[in-house]
Amino acid sequence: MKGKSKRLWLDSAVEYVRKEGAATGEMMLANVVNHLGLPYKEAPTTNRLAMWLRGDKRFEVVGYHTVNNWKVSLWGVAGE
């Protein structure tokens with residue numbers, strides 16, 4: 001997934017995090033939807049999503065959550 005599809009998905013993820021609060025990558029993958037309320041056909045994998053979120057300056061790690069002895073990042077919008 002490149003270019004416009006990536007940007008659209010990340011823009012929707014920003015809106016989701018602003019609306020719902022801090023979220024893990026898995027929560028974003030499950031709940032980020034397009035303007036029709038449908039999941040995107042081209043959603044990133046969990047590893048690709050982590051790279052995208054780290055590279056996008058709109059997101060920042062706001063905390064950590066433990067799931068089955070794994071430390072999972074909670075992502076929020078920078079400056080909020």
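Author: Let us begin with two tryptophans: Trp9 is buried, and so is Trp52. Buried means under 20% relative accessible area, exposed over 50%, and partly exposed in between, with a 1.4 Å probe and protein chains only. This is a predicted model, in which local features need pLDDT of at least 70 and side-chain atom pairs count only at pLDDT 80 or more, while totals for chains, interfaces and linings use all residues. Residues are numbered from 1 along each chain as its sequence is written, and side-chain values use heavy atoms, with hydrogens and water left out.

Reader: How many aromatic pairs does the structure hold?

Author: Rings of Phe, Tyr and Trp (its six-membered ring) pair if their centres lie within 6.5 Å; planes under 30 degrees apart count as stacked, over 60 as edge-to-face and the rest as tilted. The structure holds 1 aromatic pair. The ring centres of Trp9 and Trp52 are 6.5 Å apart and the planes stand at 65°, so this pair is edge-to-face. Because Trp9 belongs to helix α1 and Trp52 to helix α3, the pair ties together parts that are 43 residues apart in sequence.

Reader: Against which elements do the buried residues of α1 pack?

Author: Helices (H or I, at least four residues) and strands (E, at least two) are DSSP runs, numbered from the N terminus. Contact means heavy atoms within 4.5 Å. The buried residues of α1, including Leu10 and Val14, pack against α2, α3, β1 and β2.

Reader: How do β1 and β2 run?

Author: Two strands pair if DSSP finds at least two bridges between them. Here β1 and β2 run antiparallel, joined by 8 bridges.
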